[in-house]
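I opened the notebook to go through one model, element by element. The sequence and structure come first, then my entries.

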Amino acid sequence: MYPWGNEPPSDQVAWSDARIKSPVLAKRAGPSPVGYYPRGASPFGILDMAGNVWEWCWDWYGDYPANDGPVSNPVGPSIGHGRVLRGGSWRVIAKHRLRATARHFLFAGTRDVDVGFRCVRGGLQGPRRKAAARSAGAVTAAGAGRRRS
C-alpha cells in the first residue's frame with residue numbers, strides 16, 4: 001500500500017502532516033533533508049518515495065482505461081494539460097496521499113514549494129546496453145589491480 005509496505009505512515013517513515021498547527025512543526029514546515037527517513041525505504045532501497053515533496057511524473061493526468069483486472073504500469077492519455085504528481089508532500093494528510101497508488105495533477109510548468117522531481121534513468125537496450133556493460137567492465141578491470149592505502 002505504501003512504498004515501505006503496509007505499515008501506516010508515521011514520523012519514522014515519511015515527512016508529512018505539516019498542516020497541523022503546532023509550534024514545533026511551524027518551525028520546520030518545509031521539505032526534510034533527502035534520505036532523512038531510512039525506515040521509509042522501498043524494498044528496492046529507494047528513499048523518499050512518499051512525503052517530503054510531490055514528484056512530477058511523465059504521464060499526462062486522466063482516467064485510466066477500463067480493464068478487467070489489475071494493471072501493471074498503466075499509461076494515461078497521450079495528450080493533456082496536467083501532468084501526474086505522485087508521493088504526497090509535507091503539506092498533505094498522510095494516510096490520504098502517501099499511498100503508492102495515490103496521484104494528483106498540476107498543469108505543466110506550475111511551480112510550488114512542495115513539488116519537485118526525481119532524476120531516473122531507464123535501462124539501456126540493444127547495442128547501447130552492450131557498450132555500457134563493456135565500458136563498466138573496462139573500468140572495473142582497470143581499477144582491480146590498484147592497491148588502496
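Leaving aside neighbours within four places in sequence, which residues is Gly 82 in contact with? I looked this up with contact taken as heavy atoms within 4.5 Å. The list is Asp 59, Trp 60, Tyr 61, Phe 105, Leu 106, Phe 107 and Ala 108.

**Ground rules.** This is a predicted model, so I note that local features need pLDDT of at least 70, side-chain atom pairs count only at pLDDT 80 or more, and totals for chains, interfaces and linings use all residues. Residues are numbered from 1 along each chain as its sequence is written, and side-chain values use heavy atoms, with hydrogens and water left out.

**Gly 82.** I placed Gly 82 in strand 2. Its relative accessible area is 6%, so Gly 82 is buried (buried is under 20% relative accessible area, exposed over 50%, partly exposed in between, with a 1.4 Å probe and protein chains only). I also checked the distance to Gly 62, 20 residues away along the chain: the C-alpha atoms are separated by 8.3 Å.

**Overall layout.** I found three helices and four strands in the protein chain. I took these as DSSP runs, numbered from the N terminus: helices are H or I with at least four residues, strands are E with at least two. Along the sequence the pattern reads α-β-β-α-β-β-α. Of the 149 residues in the protein chain, 28% are buried. Among contacts with a separation of 6 or more, 62% come from residues 24 or more positions apart. The protein chain exposes about 11,100 Å², and carbon and sulfur atoms supply 57% of that. Those areas come from the Shrake-Rupley method with a 1.4 Å probe; for residues, only the protein chains shown count as cover.

I traced an open sheet of four strands in the order 3-2-1-4, with mixed pairing. Two strands pair if DSSP finds at least two bridges between them. Strand 3 (103-107) and strand 4 (115-116) are the edge strands, each pairing on one side only. Which way do strand 1 and strand 2 run, parallel or antiparallel? They run antiparallel, joined by three bridges. Strand 2 covers residues 82-86, and its Leu 85 stands opposite Trp 56. On the other pairing, strand 1 (residues 54-60) and strand 4 run parallel, with two bridges. There I saw Trp 54 opposite Val 115, and Glu 55 opposite Gly 116.

**Cores.** I looked for nonpolar cores next: sets of buried Ala, Val, Leu, Ile, Met, Phe, Trp, Tyr and Cys residues joined through side-chain atoms within 4.5 Å. The largest has six residues: Tyr 2, Trp 4, Val 13, Ala 14, Ala 50 and Leu 98. A second, separate core has five residues, including Trp 54, Leu 85, Leu 106 and Val 115. In soluble globular proteins, nonpolar side chains tend to be buried together. I then listed contacts of Leu 98, leaving aside neighbours within four places in sequence. Among them are Pro 3, Pro 9, Ser 16, Gly 51, Gly 87 and Gly 88.

**Rings.** I counted four aromatic pairs. Rings of Phe, Tyr and Trp (its six-membered ring) pair if their centres lie within 6.5 Å; planes under 30 degrees apart are stacked, over 60 edge-to-face, the rest tilted. Tyr 36 and Tyr 37 are edge-to-face, at 5.2 Å centre to centre and 80° between the planes. Tyr 37 counts as buried because its relative accessibility is 9%. Ring pairs also link Tyr 61, Phe 105 and Phe 107 into a cluster.

For charges over rings, I required NZ of Lys or CZ of Arg within 6 Å of the ring centre and within 35 degrees of the ring normal. Arg 83 lies over the face of Trp 58, at 4.9 Å from the ring centre. Arg 91 lies over the face of Trp 90, at 5.9 Å.

**Loop between helix 1 and strand 1.** Leaving aside neighbours within four places in sequence, Ser 32 is in contact with Trp 15, Tyr 37 and Asn 52. Asn 52 lies in the loop too. Phi of Asn 52 is near 70°, a positive value in a residue other than glycine. Asn 52 is buried because its relative accessible area is 7%. Asp 48 has its place in this loop, with phi near 60°, again positive in a non-glycine residue. At 14% relative accessibility, Asp 48 counts as buried.
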